[in-house]
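Student: I'm new to this one. Could you take me through a close look at a single part, the strands and the loops that join them?

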Amino acid sequence: MADSLSRQPLAFATVKAGGQGKGVITGINGHFSLAIPDGAASLQVSYVGYQSATFSLADERDTLFLLPASGILGEVVIRADAEKIRSILQKTIRNKSNHNPEMYDRYNCNIYYKMKVDLVPNPDTTTKKKEPVARSSKKNNKKNNEPPLPEPDTANLRFLRNNHVILSESYSRRSYRRPQQLQEEVIASRFSGLKKTYFTNLVTDVLPFHVYGDYISLNGRDYNNPVAKGWQQRYKFRLLDEVMTGNDTTYILSFEPKRNAVFPSLEGTVYINSNGYAISHLIAATTDSASERVIRIEQIYQLVETRWFPRELNYQVNLLRYPSPEMGISLNGHSVIDSVSFDAAHALRQRKAYTVRLGDSVDLHTEQQWQQLRPDGLTEKEQNTYKVIDSLTTKMKLEKVVYAAGKFGLGKLPLGPVDIEVNRLVAINNFEGTRLGLGLSTNNRVSRYFSIGGWFGYGTKDKQWKYGGHARIFPAGDKDHWLEFAYQQNYQSSGLVQIHPELDRTGFRNWILTRVDWLKEYRATGHTQLGYWQAEAEVLQRYLRPRYEQSQFETDGKNPIDYRVREAGVGFRYAYGEKRVPLFEYYLPVSTKYPVLYLRGASGTVHNGDYRANYLRTLAAVRFTKHINRWGFDHFRLEGGMIRTADNKPLPRSLLLAGNGFRNSGTNYYAYGGFVTMKPYDFYSDRYVSFLYRHDFDKRLWNLKVSQPYISLAHNLMYGGLKTAHREANAGVAAPVKGYHESGVMINQLYQVNLFGLAYFYINGGLFYHWAPQPDWKKNSVWVVGFSTGF
């Protein structure tokens with residue numbers, strides 16, 4: 001079954017013989033097989049958006065072609081009452097957990113992935129008739145200083161006709177055990193033009209595995225699933241057809257967002273089988289025309305041992321206006337699942353630290369071995385792509401460019417045997433002004449078992465050089481287990497609270513930096529990844545000197561102006577069910593549906609002459625993000641800490657726990673993770689607890705090409721305490737003993753810029769207010785502007 005104009009296959013078309021209710025649904029490639037009953041003389045074929053047709057069985061045809069219809073639904077709509085549609089959908093929603101692969105106790109399968117990228121003419125430009133160009137018109141163009149109309153580039157068109165721009169394949173074994181214990185081992189991987197595997201996770205992650213959640217994630221964005229609770233308020237359904245196969249009936253329903261929809265929506269067709277009221281087929285496409293990007297999926301499920309399980313998926317992303325108004329980019333993904341089993345004996349051994357793991361010979365498979373892995377052979381165009389693109393990239397040495405681009409995304413720029421640390425090149429903050437510098441470290445070209453590096457920087461405002469160096473050893477040759485020895489002369493924020501780099505937001509804090517401690521530090525650190533655990537241990541010796549006027553510290557009638565600190569500590573991070581994927585020599589965390597826990601503790605000594613204090617510091621945090629149907633995204637972060645000293649000795653504010661305030665004296669920028677109305681050094685505590693909450697509504701206020709805003713509500717609170725000894729020794733310090741509360745509202749995506757059709761750059765704005773005993777909008781409210789990116 002195929003489109004009569006494009007000759008492209010039509011997935012999930014309905015075919016009936018002899019005008020009976022019994023029939024079949026075509027496969028994802030348009031193929032079908034149907035037993036013809038006695039007396040039947042014709043086939044009736046229907047498909048959403050196409051004219052229904054009747055084909056005589058007397059005519060021998062290899063392919064049946066349908067013409068696109070002028071209307072979307074046409075005459076195939078069955079005038080069913082709303083109650084029947086409601087009954088079908090409600091039964092399906094009630095049974096979703098029975099068919100969701102993530103709710104099965106376990107499963108094992110093999111998955112073949114294929115991804116193709118092409119440059120294609122845009123339909124609205126190719127359908128326009130080009131007028132012939134006369135010689136006189138060319139002269140007129142020249143007189144008007146206009147360039148002549150372009151002539152067809154037949155060489156480029158011939159190349160695009162015979163080759164894909166990108167072709168990628170991978171074959172993997174996948175095991176799952178409830179809850180959320182996933183293991184995927186990539187057996188073979190191939191990417192046109194590249195000898196090594198860099199982008200395996202790009203292919204495997206971009207294709208959704210199933211559509212049984214409340215949201216369908218496409219290209220990194222969540223879209224409301226039409227078959228989910230609350231569908232009555234969001235989607236409109238029509239019953240198109242009913243097909244009987246054996247004792248089962250498949251109900252074919254179209255869906256589209258209700259008029260003036262302002263939520264991430266889809267439109268398409270869902271096929272519901274009466275056997276368990278399971279989704280057997282789904283066609284869904286995005287409806288956001290303002291993005292000039294269309295995403296479409298076609299997925300089919302199969303019955304395996306009485307359970308429904310994904311079988312095949314087509315995935316298409318069309319960037320309509322890139323790289324030019326005349327040409328767009330089309331990405332097509334296809335996956336085929338086989339060897340499905342629910343037997344524990346076939347499961348892969350769980351490696352929690354490496355949920356997606358590359359096999360030893362992933363890049364070394366021969367063409368003969370690939371033929372055994374592929375469900376179907378390669379087309380002539382696909383075979384040409386490997387030959388031509390491999391030859392071009394070798395000739396132009398493009399693999400080095402790809403490698404450099406990937407490393408740049410990780411904050412490094414390879415230069416032969418060393419990597420340039422991008423974040424060391426330039427930095428701007430209130431204390432240093434503009435810092436210019438350079439950081440270098442050896443990479444795998446020198447050795448995969450060690451790295452040596454150094455850095456320096458100079459501040460234009462403080463007129464001070466900073467520098468440091470390190471030596472890092474990788475005993476196993478990977479980046480998850482290492483031992484580092486480091487030295488630096490640098491600065492740090494006074495009272496800095498450091499739990500884990502994911503939480504600390506040191507980049508934003510450094511930008512508003514005003515009170516610093518100059519430090520000279522020697523440090524040794526060991527790090528390991530054990531399953532869902534990260535563990536770290538470190539020892540350090542540090543020389544501290546405060547560099548701000550309010551740093552006066554008095555104890556026993558003396559005023560030490562600098563301190564020597566010795567400290568030993570451990571840190572832990574636990575992320576149950578977290579997926580980690582390989583990318584450029586690293587395994588990077590991608591996602592988890594569960595809270596992430598952090599714990600850090602240290603014991604140390606600070607002294608100067610006769611002053612000496614032993615301290616014990618403990619910090620803990622938990623963060624969690626949840627997308628709830630009909631509600632939106634909820635972000636939670638709970639954090640607390642305490643520092644205790646022997647004999648109630650006081651500590652300088654450099655070692656106390658400063659409040660995580662983001663307020664600046666000039667323009668204020670929003671970043672989640674701190675207090676927007678609080679200045680960085682308003683509070684110091686020796687014990688504190690804070691809770692940060694933000695809710696992002698799914699509903700958009702309006703849908704325009706340059707603006708699709710949604711509202712976020714936030715509330716942050718903090719309670720802290722400070723013992724008398726600390727308060728008396730540090731003049732002017734205060735703790736939020738009675739609590740600190742702030743609330744805010746953000747309007748996100750007020751303005752958006754399309755970045756080559758791949759992502760968006762957003763401008764956000766909002767207002768936060770600190771709930772003080774004395775109401776004062778001028779003093780306690782802060783207008784903020786924010787910037788973000790997204791898909």
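Tutor: Here is a walk through some strands, some loops and a surface patch. The model is predicted, so to speak of local features a pLDDT of at least 70 is needed, side-chain atom pairs count only at pLDDT 80 or more, and totals for chains, interfaces and linings use all residues. Residues are numbered from 1 along each chain as its sequence is written, and side-chain values use heavy atoms, with hydrogens and water left out.

Let's start with an open sheet of four strands, ordered β3-β2-β4-β5 with antiparallel pairing. At its edges stand β3 (23–25) and β5 (53–56), each with a single partner strand, so one side of each has no neighbour in the sheet. On average, neighbouring strands here are turned by 20° against each other, direction ignored; that angle is taken between axes, which are lines fitted to C-alpha atoms, and angles run from 0 to 180 degrees between N-to-C directions. Strands are DSSP runs of E with at least two residues, numbered from the N terminus, and two of them pair if DSSP finds at least two bridges between them. Strand β4 (residues 42–46) meets β5 over four bridges in the antiparallel sense, and Leu43 stands opposite Phe55 in β5.

Next, a hairpin. Strand β20 (residues 412–415) and strand β21 (residues 418–421) are antiparallel and share four bridges, with Leu415 opposite Val418 in β21. Two residues sit between the strands of this hairpin, and Gly416 takes a positive phi near 65°. β21 also pairs with strand β23 (residues 433–442), again antiparallel, over three bridges; there, Asp419 faces Ser441 in β23.

Now for the loops. In the loop between β14 (266–273) and β15 (278–286) you'll find Tyr277, which has a positive phi of about 45° although it is not a glycine. Asp647, in the loop between β34 (632–645) and β35 (657–658), also isn't a glycine and has a positive phi, near 60°.

Are Tyr277 and Asp647 buried or exposed? Relative accessible area settles that: buried means under 20%, exposed over 50%, and partly exposed in between, using a 1.4 Å probe and protein chains only. Tyr277 is buried because its value is 17%, whereas Asp647 counts as exposed because its value is 74%.

One more loop residue, Asp562, sits between β28 (533–546) and β29 (563–575). Asp562 is buried too, with a relative accessible area of 13%. The side chains of Asp562 and Tyr543 are joined by a polar contact of 3.0 Å. That term covers a pair of N or O atoms within 3.5 Å; within protein, one must be able to donate a hydrogen and the other to accept it, and residues adjacent in sequence count only if both atoms are side-chain atoms.

Last stop, the surface. A nonpolar patch of about 980 Å² includes Leu701, Trp702, Tyr751, Val753 and Phe787. Strand β39 (residues 740–755) gives the largest share, four residues. Val753 lies in that strand, β39, and is partly exposed because its relative accessible area is 32%.

How values were computed. Patches are made of residues with over 30% relative accessible area and no salt bridge: like charges are joined within 9 Å, nonpolar side chains (Val, Leu, Ile, Met, Phe, Trp, Tyr) within 5 Å. Accessible areas come from the Shrake-Rupley method with a 1.4 Å probe; for residues, only the protein chains shown count as cover. A salt bridge is a side-chain nitrogen of Lys or Arg within 4 Å of a carboxyl oxygen of Asp or Glu.
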